[in-house]
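Subject: Structure handover

Hello,

Here is the structure for you to look through. My notes on it follow below.

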Amino acid sequence: MIYIVAAVAGIAGFLFGFDEGVIAGALHLLRAQFSITEAQEGIMTAAVPFGALFGALVAGRAVERFGRRQMLLVAAVLFAIGALCAALATGATMLTLARLLLGFAIGIAGLVAPLYISESAPADKRGMLVSIYQLAITLGILGAYVVGYAFDDSWRTMFSIGIIPGVALFVGMFFLRDTPRFLAIRGKTAEARTAIASLRGIPSDDPRIEQEMEEISETAEADKGHRGWAELFGPVARPALIVGIGLFFLQQLSGINAVIYYAPTVFQEAGFADASTQILATVGVGIVNVLMTLVGMALIDRIGRRKLLLGGFLFAALSLGMIAVGAATDAQSMDVVAFVGLVVYIGAFAASIGPLPWVMMSEVFPLNVRGRGMSVASITNWGFNFIVVFSFPILIGLIGLGGVFAIYSIVCAAGILFTLRYVPETNGLLLEDIERHLRSGKPFRQLGRTPAVATAGTAAS
Ligand code: BGC
């Protein structure tokens with residue numbers, strides 16, 4: 001059952017990647033039909049991250065109030081309407097508005113889907129299951145590249161394909177329950193018990209159900225009367241907030257979307273002369289992105305979050321540094337250096353820097369501020385996504401490919417220090433164990449190092 005839950009919520013991730021990526025293939029057709037200016041083009045592209053900022057802002061409060069399931073249903077409807085409006089657009093303005101709406105839906109889904117999976121998952125598989133969300137994003141990006149290639153004479157077809165996963169998300173969520181944690185907080189204890197039994201595939205009288213219910217109500221009790229923004233910035237939740245914001249800041253400033261949105265340009269800068277090789281290299285990037293996410297999923301609950309993150313930042317810093325040095329020194333076989341460098345970078349990102357902020361964002365916040373905390377973390381993601389995508393062409397003009405990649409490389413090196421200093425090990429722990437540690441006032445990064453806590457988590461899962 002938990003795999004069905006993860007797969008359905010994962011459709012939201014697919015839509016995220018698809019709607020981000022589809023514009024790349026559609027732009028040249030739109031240019032021809034509507035004779036749009038470069039500025040309009042930029043606004044149309046950036047409308048998705050911009051709309052998502054607002055979606056994330058609204059979703060934090062709403063998910064605590066209306067629940068995870070209802071918010072995913074709302075997002076599904078918005079996805080379908082947005083795709084329909086984009087497909088029927090009569091001009092650049094309507095298309096921009098449609099993409100704003102799609103962005104808004106992505107902002108909601110980008111927060112709620114990982115939360116929905118995380119709260120439904122057993123502790124020992126949580127990392128892998130939430131990573132399904134990231135896998136779905138990468139499949140969505142690849143899907144958009146493929147659709148752009150297959151229907152390269154009709155942008156309306158490209159956009160209308162987004163309606164299908166929107167409807168699928170709605171139908172899937174319609175038949176699923178909300179998470180045991182949300183049901184229990186709402187006092188629907190019988191439903192919460194049924195949800196646990198079905199998620200874990202255990203009979204309704206299994207003692208593990210009571211154990212999990214007790215954990216949930218214990219945390220809910222500790223949370224009572226401690227809601228709101230002040231609580232999120234207060235001493236208990238602050239270490240979690242630092243992890244949430246910090247990881248998304250680093251994820252975006254590692255330059256991933258400069259590569260995802262502008263891969264052909266990057267390859268052109270690096271000396272790939274003809275357009276078809278550039279596109280082929282771009283699809284290559286999309287495929288590596290998907291495959292290496294699978295590798296990350298296999299590793300995340302085995303070697304843990306911290307080691308995976310450290311490894312990811314290390315390889316990313318080295319590969320980006322290699323491209324920077326190559327470009328700055330005008331290396332002879334720069335095209336080879338760029339291709340190898342980008343493949344290693346995307347691999348490191350996909351296995352680690354990509355999924356981990358999503359996974360940890362859904363784990364670290366105490367239940368009472370989980371929605372708001374994830375909202376702030378998601379806003380960080382979208383805000384810096386927007387900044388990177390917008391600044392890339394300008395920076396290339398100012399300091400060249402070498403300079404830009406040098407900045408991204410330094411950010412990844414800083415990621416190593418950040419992980420060592422602030423990131424806890426949440427592998428195998430119950431969300432309630434994580435919260436208990438935060439409330440104990442001990443340094444957050446010590447979590448997961450004390451065997452007593454770790455054993456409690458594994459035994460109860
Ligand atoms: C990031 C996106 C990015 C994607 C690439 C996600 O984790 O948040 O901004 O486009 O990974 O696979």
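Start with Phe384, which sits in helix H18. Helices (H or I, at least four residues) and strands (E, at least two) are DSSP runs, numbered from the N terminus. Before going on, note that this is a predicted model, where local features need pLDDT of at least 70, side-chain atom pairs count only at pLDDT 80 or more, and totals for chains, interfaces and linings use all residues. Residues are numbered from 1 along each chain as its sequence is written, and side-chain values use heavy atoms, with hydrogens and water left out.

Is Phe384 buried or exposed, or partly exposed? Its relative accessibility is 26%, so Phe384 counts as partly exposed. The cut-offs are these: buried means under 20% relative accessible area, exposed means over 50%, and partly exposed is in between (1.4 Å probe, protein chains only). Phe384 is in contact with Phe249, Gln252 and Leu253, leaving aside its neighbours within four places in sequence. Contact means heavy atoms within 4.5 Å. Gly321 is 63 residues from Phe384 along the chain, and their C-alpha atoms are separated by 21 Å.

Ile407 lies in helix H18 too. Ile407 is partly exposed, with a relative accessible area of 36%.

Now the aromatic rings

How many aromatic pairs does a search of the whole structure find? The search finds 16. Rings of Phe, Tyr and Trp (its six-membered ring) pair if their centres lie within 6.5 Å; planes under 30 degrees apart count as stacked, over 60 as edge-to-face and the rest as tilted.

Take Phe16 and Trp382. Their ring centres are 5.0 Å apart and their planes are at 35 degrees, so this pair is tilted. Phe16 lies in helix H1 (residues 2–34) and Trp382 in helix H18 (residues 370–422), so the pair ties together parts that are 366 residues apart in sequence. Both Phe16 and Trp382 are buried.

Next come Phe248 and Trp358. Here the centres are 4.8 Å apart and the planes are at 70 degrees, so the pair is edge-to-face. Phe248 belongs to helix H12 (residues 238–253) and Trp358 to helix H17 (residues 355–364), so this pair ties together parts that are 110 residues apart in sequence. Phe248 counts as buried because its relative accessibility is 0%. Trp358 counts as buried at 3%.

Ring pairs link Phe16, Tyr133, Phe248, Trp358 and Trp382 into a cluster.

Arg372 lies over the face of Trp229, at 5.3 Å from the ring centre. For this, NZ of Lys or CZ of Arg must be within 6 Å of the ring centre and within 35 degrees of the ring normal.

Two packed helices

Look at helix H14 (residues 275–303) and helix H16 (residues 334–353). They pack at an angle of about 35 degrees, with their axes 7 Å apart. Axes are lines fitted to C-alpha atoms, for helices over the stretch in contact, and angles run from 0 to 180 degrees between N-to-C directions. On the H14 side, the contact is made by Ala281, Val285, Val288, Asn289, Met292, Thr293 and Gly296. On the H16 side, it is made by Phe339, Val343, Ile346, Gly347, Ala350 and Ala351.

Two more residues

Arg200 is in helix H9 (residues 189–200). Arg200 touches Ser120, Ala121, Pro122 and Glu212, not counting residues up to four places away in sequence. Arg200 and Ser120 are 80 residues apart along the chain, and their C-alpha atoms are separated by 9.0 Å.

Glu269 is in helix H13 (residues 256–269). Glu269 is partly exposed, with a relative accessible area of 45%. Glu269 is in contact with Ile396 and Leu401, leaving aside its neighbours within four places in sequence.

Best wishes
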